[in-house]
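These are my notebook entries on one protein chain.

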Amino acid sequence: MHIRNEIRQHIRQFDRVGNSPAADFLFPEDFTGFSGHFRGQPVLPGVCLIEAATVMLEAWHSQDIVVHQVTGAKFTRMILPNQSIRLRCLKFACGDNGGNATVICEHDSARAAEFALDYDFTQKK
């Protein structure tokens, strides 16, 4: 199973906050992303947060996207199994072919990560 499909199973809530998306996720201890990262002390890899943001953006657009650039990635807090996280867009713009979003991840009302994604739609609407 592609990790993005598994991440879709762990979205708890999707919101439309103003003109941009937000979503809550909860990754259980048996989530594939934790395996091997790190043995005995599982931590959610940053790439899984980027994939979660992709899932959120796909839900917003109701279509698949492909991320072609990640910039400004900062991961400042560890996300452990069974911790609820919220992803939301600080900046968000989209056009006919794709868009860009600055995404933050929060846990317990504190910022855990921030990054910007440039993406294209896999098909035109």
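Predicted model: local features only at pLDDT ≥ 70, side-chain atom pairs only at ≥ 80, totals over all residues.

**Entry 1: The sheet**

I found an open sheet of six strands with antiparallel pairing, in the order β1-β2-β4-β5-β6-β3. The edge strands are β1 (11-17) and β3 (65-75), each of which pairs on one side only. On average, neighbouring strands of this sheet are turned by 20 degrees against each other, direction ignored.

**Entry 2: The helix on the sheet**

Which strands does helix α2 touch? I found that α2 (residues 46-61) packs on the sheet and touches β1, β2 (20-26), β3, β4, β5 and β6 (110-121). The direction of α2 makes about 60 degrees with that of β4.

**Entry 3: The core**

I recalled that in soluble globular proteins, nonpolar side chains tend to be buried together. The largest nonpolar core here has 29 residues. Phe25, Phe27, Leu44, Ile85, Leu87 and Val103 touch the most other members. The elements giving two or more residues to this core are β2, α2, β4, β5 and β6. The largest share, eight residues, comes from α2.

Finally, I looked up Phe27. Leaving aside residues up to four places away in sequence, Phe27 touches Ile7, His10, Phe34, Leu44, Ala52, Pro81, Asn82 and Ile85.

Notes. Residues numbered from 1 in each chain as written. Heavy atoms only, no water. Pairing = 2+ DSSP bridges. Helix = DSSP H or I, 4+ residues; strand = E, 2+ residues; numbered from the N terminus. Axes fitted to C-alpha atoms, helices over the stretch in contact; angles between N-to-C directions. Contact = heavy atoms within 4.5 Å. Core = buried A, V, L, I, M, F, W, Y, C linked by side-chain atoms within 4.5 Å. Buried < 20%, exposed > 50% of the residue type's maximum accessible area, 1.4 Å probe, protein only.
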